[in-house]
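Subject: Structure for you to look at

Hello,

Please find the structure below.

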Amino acid sequence: MADTPPIPFSEPPYLAGLPSPYYSPSHLKWQKACRAFIDENLNQYAMDWEREEKVPPEVFQKFAAANMLIPTLPAPLPVEWLKRLGVHDILGAVKVEDWDYLHTAIYTDEMSRSGLSGPGASLTTGMSYGVPPIIKFGSNDLQERFLPELLLGKERICIAITEPDAGSDVANIQTTAAMTDDGKHYIVNGAKKWITNGIWSAYATMAVRTSGPGPAGLSLLVVPLLDYPGVSMRPLKCSGMATSGTTYIELDDVRVPVSNLIGQEGMGMKYIMTNFNHERLIIAVGVTRGARVALAAAFEYCLKREAFGKTLMDQPVVRHRLAKCGAMLESQWAWIEQFVYQMTKLSKAEADVELGGLAALAKAQAGIVLDECARCAVLLFGGNGYTKTGQGEIVERIYRDVPGARIPGGSEDVLLDLCVRQLVKNYKNKTMLLERPRGSSKL
């Protein structure tokens, strides 16, 4: 039993003593083990590392040794591969074959509990988004060469899609991969920008253009990075997420074996879109926790801060601000829980169709909620929320992380439009299935 009740809005309802239909004993056991490990090895140091703009390399190694990078993969986990590598459970709490998306969501929520996006992203982004295409679409040979080291965290990988002139417009990617005359190598030329974890990665799952314009010309390659001929990398400074390893990658006649092709040539756009659904859901969960940290910090501050002879919490206008943001936050979290539960009940193929557009919407809405909650917190902290040190440091940093929630993984306006277009497409397809063939009507 906790010594004090949780600050309002500081925990999801299921962790604040309220009943939930979603979480089994397996999920609750995992949450306790997960929180203990992450608090000990990440969250208690997260602010110091963000100030220093670097997470020590041994932290990644510690997570890898405990198999605590694996939970960021899409559910179900690659059970056959994990058991081959001697991984049968995570922290002794969950067998890998029993893992579902609710376990994934719990992990993502706990990894984000410091309120800072950078430290957690510095550890998980490459595994979360760079490894799944190899698992889902890679040949047996490709998997044998790369998965053992990647799954165990002995090597690092990143996902490299975005370019200086092609962000959400993925079909406009210009980095080329031209096959040599002997058919043994691709020669890769171009640049990738805003690549999370790139600076430390031995490899990138990279979108390249292997043929003509448009989405049909895109493919995915595993491209070597660190100390590889023709590759140069430099860190990028962004407004937030200082520890996440955001990188600019230049590729000048980089020779990549043809055997590093993921799946088939020309299928890159399909693979990328499939990968985006997991990415957007993970972002939505983590960003919603960031909003929770900001709002709870403001709530706690308002209980003790005095102005005009009484606490801020005694001011009706302050309560009004907190209430509006609280409604947005808890509505968003309830939707995410529902969404994740649906992921546990649908096949991958069904989820890609039914939830693909909604995943985009959930991610976009998470960014909107974070913006509202972070701005509310900064305003209620006043000058302290505008200061990079002191009482308001956490909300000031969260507010700087807001663009990192609303832009990567598909910028907000693009995702809002994508969601509606996908819903319209699904509606029309289902309507056509209900229509009788001509001449079949019986009177």
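Helix H9 passes helix H11 in a left-handed crossing; a crossing is called left-handed if the near helix is turned anticlockwise from the far one by less than a right angle, and right-handed if clockwise. H9 covers residues 268-304, and its axis and that of H11 come within 7 Å and cross at roughly 25°. That makes H9 roughly parallel to H11. The residues of this contact between H9 and H11 divide into 22 nonpolar, six polar and four charged.

Before going on, a word on the source. This is a predicted model, in which local features need pLDDT of at least 70 and side-chain atom pairs count only at pLDDT 80 or more, while totals for chains, interfaces and linings use all residues. Residues are numbered from 1 along each chain as its sequence is written, and side-chain values use heavy atoms, with hydrogens and water left out.

The terms used so far are these. Helices (H or I, at least four residues) and strands (E, at least two) are DSSP runs, numbered from the N terminus. Axes are lines fitted to C-alpha atoms, for helices over the stretch in contact, and angles run from 0 to 180 degrees between N-to-C directions. Angles under 35 degrees count as roughly parallel, over 145 as roughly antiparallel, 65 to 115 as roughly perpendicular and the rest as oblique. Ala, Val, Leu, Ile, Met, Phe, Trp, Tyr, Cys and Pro count as nonpolar, Asp, Glu, Lys and Arg as charged, and the others, Gly among them, as polar.

Helix packing

H11 (residues 348-381) also meets helix H10 (residues 316-345): their axes come within 10 Å and cross at roughly 160°. That makes H10 roughly antiparallel to H11. The contact of H10 with H11 is made of 21 nonpolar, three polar and two charged residues. H10 passes H11 in a left-handed crossing.

Ala364 lies in H11. Ala364 is buried, at a relative accessible area of 3%; buried means under 20%, exposed over 50% and partly exposed in between (1.4 Å probe, protein chains only). Leaving aside residues up to four places away in sequence, Ala364 touches Glu412, Leu415 and Leu416, where contact means heavy atoms within 4.5 Å. Ala364 and Gly409 are 45 residues apart in sequence, and their C-alpha atoms are 9.4 Å apart in space.

Asn426 is in helix H13 (residues 412-434). Asn426 is buried too, with a relative accessible area of 8%. Val353 and Glu354 are the residues that Asn426 touches, not counting those up to four places away in sequence.

Gly404 sits in helix H12 (residues 393-406) and counts as partly exposed, at 28% relative accessibility. From Gly404 to Met241 there are 163 residues in sequence and 7.3 Å in space, C-alpha to C-alpha.

Strands

Seven of the seven residues of strand S7 are buried, so S7 is largely enclosed by the rest of the structure. In a regular strand the side chains alternate between the two faces of the sheet. From S7, Leu218, Leu220, Val222 and Pro224 point one way, and Ser219, Leu221 and Val223 the other way.

S7 runs antiparallel to strand S6 (residues 203-209), and seven bridges join them; two strands pair if DSSP finds at least two bridges between them. Ala207 stands opposite Leu220 in S7. S7 also pairs with strand S10 (residues 261-262), in the antiparallel sense over two bridges. In S10, Ile262 is the bridge partner of Leu220.

Strand S9 (residues 247-257) is joined to strand S5 (residues 185-195) by eight bridges, and the two run antiparallel. The bridge partner of His185 in S9 is Pro257. Five bridges join strand S8 (residues 231-235) to S9, again antiparallel, and Arg234 stands opposite Tyr248 in S9.

Backbone details

Asp227 has a positive phi of about 60° although it is not a glycine. Asp227 is in the loop between S7 and S8 and is exposed, with a relative accessible area of 82%. Phe308 has a positive phi of about 55° and is not a glycine either. Phe308 is found in the loop between strand S11 (306-307) and strand S12 (310-311), and is exposed at 81%.

A cis peptide bond joins Ala75 and Pro76, with omega about -5°. Pro76 lies in the loop between helix H3 (57-65) and helix H4 (79-84).

Regards
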